[in-house]
Amino acid sequence: MSQELEIEFKNMLTASEYDLLINEFRLEESDFFTQTNYYFDTTDFQLKARLAALRIRKRELHYELTLKTPEQIGLLETTQILAEEQVTAILDGANIPVGHVRDALHTLGIDHEELVMFGSLTTTRAEKEYKKGLLVFDKSFYGDTHDFELEYEVANFEKGKLVFHRFLEDRQIPQRPTKNKILRFYEAVYKDK
């Protein structure tokens, strides 16, 4: 189990802005990797109501179960590693395994037995170190939608905000209000909820 504070800035991109950045940073096909997120909530969206999110992310060599909960600045990520057999069982309807994520769910007042998997989102991603942070170039696919997003992950909120805003300004990319992936997924797939 690990816990870490995630501080990141996000901006949606047009396809042409995305392509320009990929060219600027000389990213090649070998720089990209694909990851799939499987999202969970209760049928009445109790996690969403608490601005929290629960996902299983398939990495190349393992799976991560992560609960994201809001903090004053950023999100607290509580993560535990899962074996493939555990993931298969969960996707087939088994409960979230005993551990820190289940404990954190109970702290939020969420009954792990009420959780259901309600969809997945696949992202093709490349990452580049940039001014003491990490630039993340994402192309995501969910429902009938695909979109482009730039993220900047940092340790210091104020410094990261300045760097990210300058980065966009220097490239004449407008700052756009950007929801996190799970909210975009909710809105695209569950428009009526």
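This is a predicted model: local features need pLDDT of at least 70, side-chain atom pairs count only at pLDDT 80 or more; totals for chains, interfaces and linings use all residues.

User: Through what do the strands of a sheet pair?

Analyst: Strands of a sheet pair through backbone hydrogen bonds, and the arrangement is either parallel or antiparallel. For the case here, consider strand β2 (residues 33–42). Five bridges join β2 to β3 (residues 53–58), in the antiparallel sense, and N37 stands opposite R57 in β3. β2 is also joined to β6 by ten bridges, again antiparallel, with F40 opposite M117 in β6.

User: How many residues of β2 are buried?

Analyst: Eight of the ten residues of β2 are buried, and the strand is thus described as mostly covered.

User: What do the eight strands form, and in which order do they run?

Analyst: They form a closed barrel with antiparallel pairing, in the order β1-β5-β4-β3-β2-β6-β7-β8. From one strand to the next, the twist averages 35°.

User: Which strands does helix α4 lie across?

Analyst: Helix α4 (residues 100–107) lies across β3, β4, β5 (75–82) and β6, and runs at about 140° to β5. Helix α6 (residues 181–189) packs on the sheet as well, touching β1, β2, β3, β6, β7 and β8. The direction of α6 makes about 135° with that of β6.

User: How many residues does the largest nonpolar core have, and which have the most contacts inside it?

Analyst: That core has 21 residues, and those with the most contacts inside it are L21, F25, L135, F137, L150 and F167. Two or more residues come from each of β1 (2–13), α1 (15–24), β6 (115–130), β7, β8 (145–154) and α5 (157–170). The most come from β8, which gives four. Beyond its neighbours within four places in sequence, F137 contacts residues including L21, F25 and L150. There is also a second, separate core of 18 residues, with A52, I90, V101 and I110 among them.

User: Why does D138 count as buried?

Analyst: A residue is called buried when its relative accessible area is under 20%. D138 counts as buried because its relative accessibility is 0%. This residue lies in strand β7 (residues 133–142). The side chains of D138 and R125 are joined by a polar contact of 2.7 Å. Not counting residues up to four places away in sequence, D138 also touches others, including Y18, D147, E149 and K181.

Technical notes: Residues are numbered from 1 along each chain as its sequence is written. Side-chain values use heavy atoms; hydrogens and water are left out. Buried means under 20% relative accessible area, exposed over 50%, partly exposed in between (1.4 Å probe, protein chains only). A polar contact is a pair of N or O atoms within 3.5 Å; within protein, one must be able to donate a hydrogen and the other to accept it, and residues adjacent in sequence count only if both atoms are side-chain atoms. Contact means heavy atoms within 4.5 Å. A nonpolar core is a set of buried Ala, Val, Leu, Ile, Met, Phe, Trp, Tyr and Cys residues joined through side-chain atoms within 4.5 Å. Two strands pair if DSSP finds at least two bridges between them. Axes are lines fitted to C-alpha atoms, for helices over the stretch in contact, and angles run from 0 to 180 degrees between N-to-C directions.
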